[in-house]
Amino acid sequence: MLKGHTFKTVKARPLSPDCKEACTTDYRCQSYNYDWSQSICELNNRTREARPNDFVRNENRYYVREPHKVSLGSIPELPADSCAEIKADEGGHAVSGSYWLDLTKSGNSTLVLCDMTTGVADFCSDNRCVNSATCVNRKMNYTCSCKTGWTGSYCERDVDECTEIPGACPVQSACENSLGSYHCICQSGWRNVGPHNCSEIEECLEEFNHSCPPKSDCIIKGANNSYECLCHFCHYMSNDTRTCLRKYGNEVQLRT
């Protein structure tokens, strides 16, 4: 007999078709136990194949699987507990597709895609993940694994790194948020190294970045990387700062 799955009992005459007729006229009936000692038919909503651990020997009862039963999980009124239960019930005849499951055993049926090769529900087949998120299949539902820069149950919300992540940008820059990302705008005297870092500009070492004339040296001064031009020995700077003039001699013009 199959124990723990009887949803209805009916009186049945010995050696009569009463049990079979009662089972075939109720869509919930998957199998039945006949108690010959009491002439009672116990209608079950599961089969021995679906619940092998619930099948026990009983000298007063015998078990019958209904051959023309409604397939488990095929209608919302007869949901299975899992895809694996349907696979066990149908055996080698199980076909991958959509089935009704009551995953929480709350009486609420949900249409779920079952992979009958593995007996696992594929919740990601109809997911709501957005912004290139990856759907991760779980035992009873799915979750969305967000790309960097997105958050929320379905990765629908942009992360404002400028306000939510302390130190997202170095102190020598201003943080500017964008959808799914952000970048740092470096202040004067600094330049971007990638979108999130700044590197100090060494004016005197950067070709064409300073305007010191010939016969002069570029000298860094101050913490803000400013510079000045110092003319060589025996030279001095003209008023327009474009020429180093030789003391007591001809001036040297800036090349153009």
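The legends below describe close-up views of a predicted model. Local features are given where pLDDT is at least 70 and side-chain atom pairs count only at pLDDT 80 or more, while totals for chains, interfaces and linings use all residues. Residues are numbered from 1 along each chain as its sequence is written, and side-chain values use heavy atoms, with hydrogens and water left out.

**View 1. The tilted aromatic pair of Tyr-34 and Tyr-62.**
A search of the whole structure finds two aromatic pairs, a pair being rings of Phe, Tyr and Trp (its six-membered ring) whose centres lie within 6.5 Å, with planes under 30 degrees apart counted as stacked, over 60 as edge-to-face and the rest as tilted. The ring centres of Tyr-34 and Tyr-62 are 5.4 Å apart and the planes stand at 55°, so this pair is tilted. The pair links distant parts of the chain, 28 residues apart, with Tyr-34 in strand β2 (residues 31-35) and Tyr-62 in strand β4 (residues 61-65); helices (H or I, at least four residues) and strands (E, at least two) are DSSP runs, numbered from the N terminus. Tyr-34 counts as buried at 5% relative accessibility, whereas Tyr-62, at 44%, counts as partly exposed (buried means under 20% relative accessible area, exposed over 50%, partly exposed in between, with a 1.4 Å probe and protein chains only).

**View 2. Phe-55 with Tyr-63 and Arg-48.**
Phe-55 and Tyr-63 form an edge-to-face aromatic pair, with 5.5 Å from centre to centre and 80° between the planes. Phe-55 is buried, its relative accessible area being 17%, and Tyr-63 also counts as buried, at 18% relative accessibility. The charged end of Arg-48 sits over the ring of Phe-55, 3.9 Å from its centre; a charge is said to sit over a ring if NZ of Lys or CZ of Arg is within 6 Å of the ring centre and within 35 degrees of the ring normal.

**View 3. An open sheet of four strands.**
The strands follow the order β1-β3-β2-β4 with antiparallel pairing, where two strands pair if DSSP finds at least two bridges between them. β1 (6-11) and β4 are the edge strands, each of which pairs on one side only. Five bridges join β1 to strand β3 (residues 40-44), and Thr-6 has Asn-44 in β3 as its bridge partner.

In helix α2 (residues 83-90), Cys-83, Glu-85, Ile-86 and Asp-89 are buried. What covers the buried residues of α2 includes β4, β5 (97-101), β6 (110-115) and β7 (120-122), where contact means heavy atoms within 4.5 Å. Gly-91, whose phi is positive, near 65°, follows α2.

**View 4. The surroundings of Trp-150.**
Trp-150 lies in strand β10 (residues 150-151) and counts as buried at 18% relative accessibility. When residues up to four places away in sequence are not counted, Trp-150 touches Asn-131, Cys-155, Glu-156, Arg-157, Asp-158, Val-159, Leu-179 and Gly-180. Trp-150 and Ser-132 are 18 residues apart in sequence and 9.6 Å apart in space, C-alpha to C-alpha.

**View 5. Ile-220 in strand β16.**
Ile-220 belongs to strand β16 (residues 216-221) and is partly exposed, with a relative accessible area of 39%. The C-alpha atoms of Ile-220 and Cys-204, which are 16 residues apart along the chain, are separated by 6.9 Å.
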